[in-house]
Amino acid sequence: MNILISGAGAIGQLYGALFAAAGHQVSFYGANGPIAAAEYQLQQRDGTLLSWHSSDVQQPQIVIICTKAYQAESAVITLLAQQQLSPQTPVILLHNGLGPHEAIAARLAAKTPLILASSRQGALRMASKQVKHTGLGATDLGLLQGSSAMNESILALFQQSIGDCHWHQQVLQPLWHKLLINSVINPLTARDRVTNGELCGHQYQTELKQLCAEACQIAQACHIDIQPETLFQQVLNVAAATASNRSSMLQDVTAGRMTEIDYINGYLIKQAQRLGLACPAHQALVAQLTDS
Ligand code: KPL
């Protein structure tokens with residue numbers, strides 16, 4: 001299959017390498033247009049290097065948006081303007097956070113399959129064309145709007161190339177769950193410049209509980225089924241399982257890059273405001289991160 005990935009960052013390159021290894025043609029798109037065919041390397045989990053080649057962009061059969069959340073809508077606008085997206089081409093959004101899907105859904109033709117996805121794979125960029133596969137994890141996918149004709153073939157493509165992929169009729173449920181975990185771990189680790197595992201320490205317990213309680217109240221009002229105690233446990237489990245990781249937001253802050261906080265805590269706050277709910281702990285965190 002001919003797969004176009006917009007965003008050749010850590011996750012874009014990891015998925016690109018795994019699709020290419022399964023025999024598919026992978027091409028990359030950048031902010032302004034196509035990225036020429038090149039050699040990339042994936043440092044695999046066993047330490048061995050896998051070299052693979054991307055292709056020059058040809059009419060794609062599937063488009064995957066792996067940019068930062070704040071670039072996702074403009075990535076789709078560029079692809080539409082440069083005629084890389086026919087109304088039948090499925091568009092898969094695979095970025096952190098939530099929000100861009102609403103604007104992108106409105107830009108696509110009603111029949112274009114718009115699929116939301118969330119990845120728990122870990123990848124770290126070592127050089128411009130080299131990433132390290134740092135952790136295995138599931139990929140959740142589901143159709144948000146448009147034709148369902150390709151649902152099965154897309155799931156099969158992901159399952160055969162990436163593995164551990166799950167199709168959801170209500171895809172916003174797993175995406176919200178990931179957003180809730182990220183809304184606690186990412187800004188705290190970025191604010192205090194600590195690894196994920198350090199959040200398991202006693203000094204974070206009260207703040208973690210308050211953030212979980214606020215986030216769950218908002219999620220429940222948005223029909224997401226989750227209890228604060230469950231979220232608190234899941235946050236501790238993820239922090240412990242990824243103890244030595246520096247969260248993506250901490251990496252953005254230390255590299256001086258824009259963070260995705262507007263699409264994680266900012267999305268929660270927007271929902272809270274719409275619903276008339278208070279979320280002082282999340283608002284304080286956003287203020288601490290945006291003022292620092
Ligand atoms: O998804 C993550 C991120 O860093 O964005 C977690 C789960 C917190 C792992 O680091």
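How many residues lie between S9 and S10 in the hairpin that they form?

Tutor: Please keep in mind that this is a predicted model. S9 and S10 have 2 residues between them, and together the two strands make a hairpin. Strand S9 covers residues 122-127 and strand S10 covers residues 130-135, and the two run antiparallel, joined by 5 bridges.

With the hairpin in place, we can turn to the ligand. The residues around the ligand include Asn-96, Lys-178, Asn-182, Ile-185, Val-238, Asn-245 and Ser-247, and the shell as a whole divides into 7 polar residues, 2 nonpolar and 1 charged. Helix H5, which spans residues 172-192, gives the most to this shell, contributing 4 residues.

Ser-248 places a polar side-chain atom 2.6 Å from an oxygen atom of the ligand, while in the side chain of Asn-196 an N or O atom is 2.9 Å from a ligand oxygen atom. For Asn-186, the distance from a polar side-chain atom to an oxygen atom of the ligand is 3.1 Å. On its own the ligand has 280 Å² of accessible area, and the protein covers 82% of that area.

How values were computed: Residues numbered from 1 in each chain as written. Predicted model: local features only at pLDDT ≥ 70, side-chain atom pairs only at ≥ 80, totals over all residues. Heavy atoms only, no water. Near = heavy atom within 4 Å. Polar contact = N/O pair within 3.5 Å; in protein donor to acceptor, adjacent residues only side chain to side chain. Areas by Shrake-Rupley, 256 points an atom, 1.4 Å probe, with all protein chains shown as cover. Nonpolar A, V, L, I, M, F, W, Y, C, P; charged D, E, K, R; others polar. Pairing = 2+ DSSP bridges.
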